Amino acid sequence: MAKVHVSTSVNGEPTEFLCEPHDTLLDVLRNELNMTGTKEGCGSGDCGACSVTVNDRLVCSCLVLGAEAEGKEIGTVEGIGNNDSLHVIQEKFLEHAALQCGICTPGLIVSTKALLEENPSPTEEEARYYLAGNLCRCTGYDKIIRAVMDAAESMRGAA
Amino acid sequence: MSEAKDYKYVGTRRVRPDGYDKVTGRANYGADLTLPGMIWGRILRSPHAHAKIKGINTSKAEAHPGVSAVVTFQDFPEKSQGSPLAQNILANEKALYHGHAIAAVAAKTVQIAEEALGLIEVDYEVLTPVMDLDTAMADGATLINENLKTVGLPEPATEASNIAARQELKIGDIDAGFAEADVILEREYSTPTVHQGYIEPHACTVRYDENGQSMVWCCTQGHFDVRASTANLLGMELGKLKVVASEIGGGFGGKTTIYLEPVALMLSKKSGNPVKIVMDRDEVFKASGPGAATKSWIKIGAKKDGTFTAMQAKMAFEAGAFPGSPVGPGTMTVFAPYDVANAKVEGFDVLVNKPKVAAYRAPGAPQAEFASEMLINELAEKLGMDMIDIRLKNAAREGTQALYGPKFREIGFIECLEQCKASEHYQNAVAEGNGRGVGAGFWFNIGGVSSAVIHMNPDGTATLLEGSPDIGGSRASMQSMAAEELGIAPERIKPIVADTEMVAHNDTTGGSRTTFATGMAVIEAAQDVVRQFKERAASTWNVTPEQVEWADGVARNTAGDGEMTCQEICASAGRTGGQITGRGNINARGAGPSFSVHIADVAVDKDTGKVDVVRYTASQDAGRAIHPSYVEGQIQGGSVQGIGWALNEEYIYSDDGLLENPGFLDYRIPLASDLPMIDPIVVEVPNPFHPYGVRGVGEANIIPPLATVATAVGNAIGRPMPDLPCSPPRVLKAIQEG
Amino acid sequence: MALVIFSSELQKFTGEERVEVSASTYRQLVDGILKRYPDMPPEEITEKAVSIDGMIIQDPLLDPVDENSEVHFLDRISGG
């Protein structure tokens, strides 16, 4: 089958790629665009390690086809901050030691950003339910939730 | 050495050195490396739980366009073919579990490789699967390995059996002990097959080089062991195989063995290309891990005042398809928290048609101590005693002879119990209708071989090379300890998990050994640097090194005037004798046991059987918390893994022995929405054999939750819950039967 | 003399729970034990970890043993 030509935007950068019709957005990000910040934990939408945004909507990139990115705006962890200028969510994750192995961290950073854009003042319970699609096996979630709540407060203060 | 001391960096909470790369997505894990010319490997897996392999025809797969290589068990060098490790990595004459690897293909794309897998013809003769302990241990059971005879029997075995080994530990006289008892309780318990559940699947990228240096990049808890095992299986010299440990996305014991690396190297050798293999989640569940399922029978005798007079256990552990369950540590830990004069434990290592079990966080201890802790809670109830008081009455302390051998040195079990008892959680009664449980855990912790090197750079910064993969934040603790010794700011020290070419051998990250043992190697390397700092300063001042004092990163001349900073010494090092490198190559002795005590309150929905943990407190003796945040993180994470084990997690097999829930949707690990905050209590009773008192905190915390939560559920519904998990159907059934 | 205390498993070979051995290192201690119990397969102790006065050593050889040390052998632990 012929490859599909896709024009899209990734983290605000106009981007073009060729993919197989069956390639997932996750495959394309990791293997075509060499953006390995987005992780694969299950390939079935259960773990959230591959969380990205498509037109500001939080999705598992393993459940979206690369071809579906046509004309959309894709947001990944690489677009959120870098070592010189971290996003406040990233700073709070570091400050609260909200990561151990770190494999779920990119997905959680992306999901937390989506949460706080949708709901700047989540209760602890709302945060726990919003992030229920992002599995973490190391931390028991305690420090993650504290980081998220602290980031929310800090972002409200800055707004 | 171990008295309370004020440290400048040890015991402080700082941002971990590897944190920036992890929050920005820059950190590179097992699946993140791509090499020029790289092709993709995929593995064909058995659709049967137990089957004879009568033939494998790979010719169509080999001829498929885009395929570069196909390998089977026959590609292992002949002298490796007797190795159980080789036979687990690729099946030999029999497929021994659903998902057992049969053959592997390397092709231009994953899709082509998968097409080729479909072209491999395997002629199976399906055999009866042996899926549980009772079936496996029954007389006349179908044999998984016709040549296996039980070791450890009083008389040598004559017949083949699925029981690979029997072990026994004994102290005192249990008959006399039970005769002294006012109350005797006994009960059977069971725990299911569980998985470590790391979020990152196993993955590797390799390049075979016939004449030069072959390379393996992989996610592992021990790249030196990957090198040793892989080189051994493939007949390679250690020096010709470089193994690089990528960042590791969780391991919990499951990444202490190898599955993919030799297969990828054989594919690379055949094809001439670098090869990447990444497991699917489905493959991770079917063919890696898991943690052993168990059945235990426990009997305890006690006086009216709660004093234990005798303890007895009989435990069977599933090994999976090859011998080697953690029944050994199971028998050693089952009563280890208690001071009892009379005890006897018998353990069995039993083959079943499931994946070969791998280590899982305090291997063997959660299953064993689940059973004993459950019965202790029942005994407390029977005697009208508080669950913590009965443990205080019998707790092991310094000088107690452990059933498994040695006498304990300083340990913190009583401190854990007392601090839990004094906690606000325990001081408040459990809410009406809810249930409360308490449980304890003991784990040995281990030492072993570690190596570290510190290179001082000309600007006074340090590059710290150590060889222990960092699964929970150990680079942060290495940085703190090196900073403390060198007297320079932690931020000026860059800790690196070095590959097998950059430091000498390190034992695998496991047994909660890294901060303890590799920490000691780092301390020794730093002290070696300080010794050289003093020599350089001394030679500059024409005094002896003994006349130089080193503190806060500055050398001072005690025989006259003069100060030299670390930066000044490093800047001039080239002219005072060459650059400065410190080494610490050790066999760490004196690992300190860790104890952990937990409290859980649960609410049970009586209509559905669903359990909510509403409050959870977890104490553990860390010896010394080098980085308190990551010690708390270990305690919280271990607690939640144990909560998952208690409430939800289990392998579900069909009657044909096929795994029915190989995914995170159906093998349900705890989610953020399932849990309350986990309140950690960090107890610090220093280990006398570590310069800072470190014990190791990675494992003991997963032990108590099983009995703590199951007891709480039992108390909430008024029925005991001796079989894990306390999943909604099982809890509902217990409610309805009650 | 160092005091060696054998586990129930090792007592099958030694026939006794306690023995005093003159040694200043682990290696000398093991040599002394093996000489005393010639029927005991060496790996029954050399493949084990040792506790010398409560200090557990996974893979001992030249480690010092004191005049009054108490010694136990135990299975090696790996961990997860």
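This is a predicted model: local features need pLDDT of at least 70, side-chain atom pairs count only at pLDDT 80 or more; totals for chains, interfaces and linings use all residues.
1. Surface of chain B. Of the 738 residues in chain B, 66% count as buried, taking buried as under 20% relative accessible area.

2. Overall form of chain B. The chain holds 20 helices and 26 strands. Its radius of gyration is 27 Å, close to the 27 Å given by the globule rule for 738 residues, so chain B is as compact as a globular protein of that length. Along the principal axes, the C-alpha atoms of chain B fill a box of roughly 85 × 75 × 50 Å.

3. Contact range in chain B. Take the contacts between residues at least 6 apart in sequence. Of these, 79% join residues at least 24 apart.

4. Charges of chain B. There are 66 positive and 90 negative charges.

5. A sheet in chain B. Three strands form an open sheet, in the order β4-β2-β6 of chain B, with antiparallel pairing. The edges are β4 (94-95) and β6 (121-126) of chain B; each has a single partner strand, so one side of each is left without a neighbour in the sheet. In general, strands of a sheet pair through backbone hydrogen bonds, either parallel or antiparallel.

6. The β2-β4 pairing. Strand β2(B) covers residues 51-57. It pairs with β4(B) in the antiparallel sense over 2 bridges. Which residue of β4(B) stands opposite A51(B)? That residue is A95(B).

7. Helix α1 of chain A. This helix spans residues 25-32. Its buried residues are L25(A), L26(A), V28(A), L29(A) and R30(A). Note that an arginine, R30(A), is on that list. What covers the buried residues of α1(A)? The cover includes four strands of chain A: β1 (4-10), β2 (13-19), β3 (51-54) and β5 (73-75).

8. Helix geometry. An α-helix has 3.6 residues a turn, so residues three or four places apart point the same way. After α1(A) comes N34(A). The phi of N34(A) is positive, near 55 degrees.

9. Chain arrangement. Two pairs of chains touch, and the most contacts are between chains A and B. Chain A and chain C do not touch. Their nearest C-alpha atoms are 14 Å apart.

Definitions and conventions. Residues are numbered from 1 along each chain as its sequence is written. Chains are lettered from A and ligands numbered from 1 in the order in which they are written. Side-chain values use heavy atoms; hydrogens and water are left out. Contact means heavy atoms within 4.5 Å. The radius of gyration is taken over C-alpha atoms; the globule rule is 2.2 Å times the number of residues to the power 0.38. Buried means under 20% relative accessible area, exposed over 50%, partly exposed in between (1.4 Å probe, protein chains only). Lys and Arg count as positive and Asp and Glu as negative; His and the chain ends are not counted. The place of a charge is taken as NZ of Lys, CZ of Arg, CG of Asp or CD of Glu. Two strands pair if DSSP finds at least two bridges between them.
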